[in-house]
Amino acid sequence: MNLHEYQAKAILKQYGVAVPLGIMIENPQEAILAAIKIKEKTGVDNWAVKAQIHAGGRGKGGGVKIAGSPEKAAQYAEEIIGMQLVTHQTGPIGKKVRKVLVEQSIYYPGENKIEEYYMSILLNRQTGKNIIMYSSRGGVDIESVAQKTPRLIFREEIEPGIGLQAFQARKIAFNLKLSGKAYKEMVRFVVALYNAYEKSDASLLEINPVFKTSDDLVLAADSKIRIDDNALFRHKEYAEMRDLNEEDPAEVEASRHNLNFIKLSGNVGCMVNGAGLAMATMDIIKLSGGDPANFLDVGGTASAGTVEAGFRIILKDPDVKAILINIFGGIVRCDRVAQGIVDAYKSIGDIKIPLIIRLQGTNAKGGKKIIDESGLKVHSAITLREAAGLVKTVTIK
């Protein structure tokens, strides 16, 4: 589950990570009061007005502006709230901005000694260890740094069961070429950041940029946190932070039915049980000349209700030209799935696009009999090769 910047910073602050003071607003008129409150507490008379969407590159897209007065902050808030913000991570359609963060500007008047770093923490799945990635070249062009000067990207792996060691935090500050007060501040920042990552059950924590002021303070100028969905039962307060407006509507609907669904850009809808079989099915579709429109795992307890929900979600995609149902009966019985398909088909009505059904495993013969006697207009397959051939035959390029 992704969090907004203002939500991520609230979590970081709980664990001692230094962040600028900010106030989230949803109404432009609230910007003046927010700016005044921030000035009263910090003394700053410059504010950053930042669009809150689940995407990076907001600054380049016009979603981040620096205001020199409370009135200007309100003007920028009015311009940003409601805009369709397009960045390199949103795609050409962009995302609608519904809220902004009014935050103290961390650029001091006449500032000319700005240092911006990059830092992220995530799991290295190849080694099974958490890894801290960092660079002395943070900011809006971090992607180009990784492509053109990868030598400036450093990595520090953390041993499981031992955790971040003091010498590792010092090594990070040393590689960033810091000294004196800034060195100590960065060591403290890294320790607090890693603690926040572990205690919040995050799967990704990214700070870009980590900001060093001219008086050697180190702050998280921006923040991105992704919480592990499987750990949300331990963090009910985080689950309440979920913003459904930022998620794909089809994926939101699928989650309500306990379906594992990911929208893709192809033309062949998939309904499969089991993640491994789903991946193999997508490979088969690709090899046959088609393109998967989704990843949909109905799980091991598929019923008429879940099958119907899966159908409806897939059919909402106008690009889908065929649907391949590939079920292996292990825990779930093929006859049960077949009955679910028949019931769903009748409930939805006449489905205009071709259906390819492959049932194998427990009660596969009974399942095939149910499908054959239902009168449904479907294509039946026994092997994956046969299913691939049918996909190639019925898919409209």
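In the predicted model, Glu-5, Tyr-6, Gln-7, Ala-8, Lys-9, Ile-11 and Leu-12 of helix α1 are buried. Helix α1 spans residues 5-14, and because seven of its ten residues are buried, the helix is largely enclosed by the rest of the structure. Just beyond the end of α1, Gly-16 adopts a positive phi of about 85°.

The chain as a whole contains 13 helices and 18 strands. Its C-alpha atoms occupy a box of roughly 80 × 50 × 40 Å along the principal axes. Of its 397 residues, 49% count as buried. When contacts between residues at least 6 apart in sequence are considered, 66% of them join residues at least 24 apart.

Two helix pairs were examined. Packed helices are described by the angle between their axes and by the distance between those axes. For helix α5 (residues 166-175) and α6, the axes come within 8 Å and cross at roughly 130°. The crossing of α5 and α6 is right-handed. On the α5 side, the residues that take part are Ala-169, Arg-170, Ile-172, Ala-173 and Phe-174. They meet Tyr-183, Met-186, Val-187, Val-190 and Val-191 of α6.

The second pair consists of α11 and α12, which pack at an angle of about 20° with their axes 7 Å apart. Angles under 35 degrees count as roughly parallel, and α11 and α12 are therefore roughly parallel to each other. Helix α11 passes α12 in a right-handed crossing. From α11, Cys-334, Asp-335, Ala-338, Gln-339, Ile-341 and Val-342 meet a set of α12 residues made up of Ala-364, Gly-366, Gly-367, Ile-370 and Ile-371.

Helix α12 (residues 364-372) has buried residues at Ala-364, Gly-367 and Ile-371. These residues lie on the same side of α12, because they cover an arc of only 60° around the axis. Lys-365 and Lys-369, on the other side of α12, are exposed. The cover over the buried residues of α12 includes α11 (334-348) and β17 (355-361).

The structure holds two aromatic pairs. In one of them, the ring centres of Tyr-134 and Phe-154 are 5.3 Å apart and the ring planes lie at 20°, so the pair is stacked. This pair links distant parts of the chain, with Tyr-134 in strand β8 (residues 129-135) and Phe-154 in strand β9 (residues 153-158), 20 residues apart. Tyr-134 counts as buried because its relative accessibility is 1%, and the limit for buried is under 20%. Phe-154, with a relative accessible area of 25%, is partly exposed.

In the other pair, the rings of Tyr-194 and Tyr-197 have centres 6.0 Å apart and planes at 35°, so the pair is tilted. Both tyrosines belong to helix α6 (residues 180-199), where they are three residues apart and therefore separated by about one helical turn. Tyr-194 and Tyr-197 are both buried.

Several backbone features were also noted. Most residues other than glycine have a negative phi, and most peptide bonds are trans. Asp-201, which is not a glycine, has a positive phi of about 55°. This residue lies in the loop between α6 and β10, and at 18% relative accessibility Asp-201 counts as buried. Asp-216 is likewise not a glycine and has a positive phi of about 70°. Its place is in the loop between β10 and β11 (218-220), and at 24% relative accessibility Asp-216 counts as partly exposed. A cis peptide bond, with omega about 10°, joins Asn-208 and Pro-209. Pro-209 is located in strand β10 (residues 202-212).

His-257 is found in the loop between α8 (249-256) and β13 (260-263). With a relative accessible area of 34%, His-257 is partly exposed. Apart from its neighbours within four places in sequence, His-257 is in contact with Thr-306 and Ala-309. His-257 and Met-279 are 22 residues apart in sequence, and their C-alpha atoms are 21 Å apart in space.

Notes
Residues are numbered from 1 along each chain as its sequence is written. This is a predicted model: local features need pLDDT of at least 70, side-chain atom pairs count only at pLDDT 80 or more; totals for chains, interfaces and linings use all residues. Side-chain values use heavy atoms; hydrogens and water are left out. Helices (H or I, at least four residues) and strands (E, at least two) are DSSP runs, numbered from the N terminus. Buried means under 20% relative accessible area, exposed over 50%, partly exposed in between (1.4 Å probe, protein chains only). Contact means heavy atoms within 4.5 Å. Rings of Phe, Tyr and Trp (its six-membered ring) pair if their centres lie within 6.5 Å; planes under 30 degrees apart count as stacked, over 60 as edge-to-face and the rest as tilted. The arc is that of the directions from the helix axis to the C-beta atoms. Axes are lines fitted to C-alpha atoms, for helices over the stretch in contact, and angles run from 0 to 180 degrees between N-to-C directions. A crossing is left-handed if the near helix is turned anticlockwise from the far one by less than a right angle, and right-handed if clockwise. Angles under 35 degrees count as roughly parallel, over 145 as roughly antiparallel, 65 to 115 as roughly perpendicular and the rest as oblique.
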